[in-house]
Every structure is written in structure tokens, then in C-alpha cells.
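Thanks for coming, everyone. Let me put the structure up on the screen, and then I'll walk you through it.

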Amino acid sequence: MLGFNRDGTTVVLILLNAFIVATRATEKGIYTNNFLVQLHEGEDDVGSQVAVDNGFNNVRKLPFGEGLFHFYHNGIPKARRRRSLQHKQRLEKDHRVKNVIQQEGFGRKKRGYRNINEIEVNMNDPLFTKQWYLINTGQADGTPGLDLNVAEAWELGFTGKGVTIAIMDDGIDYLHPDLASNYNAEASYDFSSNDPFPYPRYTDDWFNSHGTRCAGEVSAAANNNICGVGVAYNSKVAGIRMLDQPFMTDIIEASSISHMPQVIDIYSAS
């Protein structure tokens with residue numbers, strides 16, 4: 001991340017000069033023929049003249065900062081291992097130029113279809129192989145690989161650890177063995193009965209089981225030989241029971257969605 005200061009104002013450029021470890025093209029870096037240039041004066045004609053005077057072929061003013069321009073140089077390879085110090089130093093010597101950064105290249109992968117054989121996730125939960133939306137092998141007559149791409153996120157370490165998700169619903173069965181280890185009692189509350197125990201009021205037709213199912217889809221524990229796996233299986237889940245009373249009120253809804261914001265990261269009202 002780089003900041004440019006002008007008249008006390010800091011312009012933070014995140015995307016163009018981000019240090020992205022996981023997706024670098026190589027550890028040594030790839031340098032492109034694109035330069036981020038900041039001028040003391042930000043008029044279009046000044047930028048064009050500076051580019052021409054320093055041998056650059058193209059120039060484009062950038063809209064997200066004062067005096068920022070995108071310079072291209074067709075005489076430099078689009079990708080090379082070493083910086084183009086000659087061109088960078090020439091620009092830096094120009095009195096109209098304030099800062100220069102030669103842009104590094106990094107990789108990005110498209111989401112969508114991918115080779116299902118490249119995905120290897122071992123879970124002992126008995127229903128995991130039926131959760132086609134997590135890893136689609138065609139088990140539900142669907143297209144293999146067309147799923148949520150969560151396996152890639154898991155491999156990068158994004159499993160929900162450190163995050164608390166509140167399920168605003170008809171309660172959750174926090175004693176269920178697939179939810180108990182991830183249950184956050186501190187962040188839970190029953191606004192239908194006004195107590196800290198958001199256990200569902202079960203009926204013969206399982207009408208009040210929706211919140212529990214939602215909690216499992218999000219935070220069911222992994223590799224415990226029970227049921228399936230949550231999308232964020234290391235996250236904490238809180239129960240906010242607020243959909244099992246004769247009438248909804250503004251107070252119940254407002255209290256539910258504002259409950260414990262210092263602990264809850266995500267409120268789910270599915």
C-alpha cells in the first residue's frame with residue numbers, strides 16, 4: 001500500500017501497488033511496461049506532454065487520486081524479470097514528476113468451472129459427499145466442479161475461524177453434537193421468550209427446525225463423523241430466536257439485528 005501526500009491529503013492506492021503474496025506470478029516478481037506516475041500538476045495536457053518528453057507512447061489520467069497517470073511504454077517488454085531503471089530514473093529526473101512506480105504483474109484465476117480431480121478434501125462426516133454445493137462431483141446429476149468453490153478457500157485457510165455468525169430465525173438446537181462445539185452462548189438470545197436460551201420450540205412436524213438447519217449449513221463442525229460440514233466449519237454460531245411468537249414487532253426486529261455487534265460479525269436472516 002502506498003500513500004501520496006498533497007496539501008495534507010493522503011491518497012491511498014491499494015489495487016495498483018498491493019503486495020499480494022498468494023498470487024504473485026513468481027517469487028522474484030514480474031515487471032510490466034506500465035508505470036504509475038504522479039505529477040505535481042494533474043492536468044491532462046501536462047500528463048501527455050510529460051509522457052511524450054520521456055519517450056512513453058500512451059498516457060491515461062487516473063480518476064482515483066490527485067495528479068495520477070497511467071503511462072505505457074511500447075518499447076519495454078510487457079513482462080520481464082528486471083525493473084526498467086532507465087525509464088524510471090528518467091521520469092524521476094523530470095521536475096514535473098512527483099512519484100514513479102513501475103507496476104509489478106501478478107496472477108488472477110477465474111472462478112467457475114475447474115477440474116474436479118484437482119480438488120482433494122478429506123472429510124469423515126457421513127453426509128459430506130452429498131453436499132454437492134460444497135464440492136460438486138456430479139453426485140446430484142449436476143455439472144462437476146460447479147459449486148461454491150469453498151475447497152479453494154479452505155486450502156487458503158479461510159474456514160471461519162475467529163468469526164461469529166448469528167442466525168436470526170426460529171432458534172437453533174445448540175445441543176446438537178454437530179453444532180455444540182461451535183456454539184457462541186455469549187452472543188445468543190431468545191427475543192421470542194426474552195431469555196438467553198434460543199432453543200427452538202419443536203413441533204411434531206418439525207416446523208421450527210429452519211434455524212437449526214441454517215446454523216448447520218454455516219457452522220457444522222468438520223471431521224467429527226456426524227452429519228455434514230458447514231461452509232465455515234471453524235466459525236462460531238449464535239442463535240437469535242425471533243421468529244416464533246404470534247406477532248412480530250419493531251422492537252423484536254430492531255433488538256435482534258442490533259444484538260451484541262461487538263461480538264457478532266455477520267447477521268443471517270435467511
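Let's start with D94, which is buried, because its relative accessible area is 10%. By buried I mean under 20% relative accessible area, with exposed being over 50% and partly exposed in between, using a 1.4 Å probe and protein chains only. D94 forms a salt bridge with R96, and the closest N and O atoms are 2.7 Å apart. A salt bridge here is a side-chain nitrogen of Lys or Arg within 4 Å of a carboxyl oxygen of Asp or Glu.

Before I go on, some housekeeping. This is a predicted model, so to speak of local features we need pLDDT of at least 70, and side-chain atom pairs count only at pLDDT 80 or more, while totals for chains, interfaces and linings use all residues. Residues are numbered from 1 along each chain as its sequence is written, and side-chain values use heavy atoms, with hydrogens and water left out.

Okay, how many salt bridges does a search of the whole structure find? Six. One of them joins the side chains of D244 and R241, at 2.6 Å, N to O. Both D244 and R241 are buried. Salt bridges that share partners tie D190, R201, R241 and D244 into one network.

Another joins the side chains of E92 and K88, at 2.5 Å, N to O. Those two both sit in helix α2, residues 85-93, four residues apart, which is about one turn of the helix. When I say helix or strand, I mean DSSP runs numbered from the N terminus: H or I with at least four residues for helices, E with at least two for strands. E92 counts as partly exposed because its relative accessibility is 40%.

**The sheet**

Now the sheet. It's an open sheet of four strands in the order β8-β9-β7-β10, with parallel pairing. β8 (189-190) and β10 are at the edges with a single partner strand each, so one side of each has no neighbour in the sheet. Two strands pair, by the way, if DSSP finds at least two bridges between them.

On to the partners of β7. With β9, residues 236-241, β7 pairs in the parallel sense over six bridges, and M168 stands opposite I240 there. With β10, residues 266-268, β7 pairs in the parallel sense over three bridges. The bridge partner of I167 in β10 is S268.

Have a look at helix α1, residues 44-53. Which of its residues are buried? V46, G47, V50 and A51. Looking down the axis of α1, these buried residues fall within an arc of 135°, so they line one face of the helix. That arc is taken from the directions from the helix axis to the C-beta atoms. D45 and V52, on the other side of α1, are exposed.

**A few loop residues**

N149 is in the loop between β6 (97-105) and α3 (150-155). N149 isn't a glycine, yet has a positive phi of about 60°. Buried or exposed? N149 is buried, with a relative accessible area of 18%.

W206 also has a positive phi, about 55°, and isn't a glycine. You'll find W206 in the loop between β8 and α4 (210-219), and W206 is exposed, with a relative accessible area of 56%.

Then there's R82, in the loop between β5 (68-72) and α2. R82 is exposed, at 62% relative accessible area.

Last stop: the second largest pocket, which holds about 370 Å³ of space. The search runs on a 1 Å grid over the protein atoms alone; a pocket is an open set of points where a 1.4 Å probe fits, with protein on both sides within 12 Å along at least five of seven lines, and lining residues have an atom within 4 Å of a point. The volume is the space filled by probe spheres set on the points, which are joined across faces, edges and corners.

How many residues line the second largest pocket? There are 17, and T212, R213, G216, E217 and C227 lie nearest its centre. By class, the lining has seven nonpolar, six polar and four charged residues. Nonpolar covers Ala, Val, Leu, Ile, Met, Phe, Trp, Tyr, Cys and Pro; charged covers Asp, Glu, Lys and Arg; the others, Gly among them, are polar.

That's my tour, and I'm happy to take questions.
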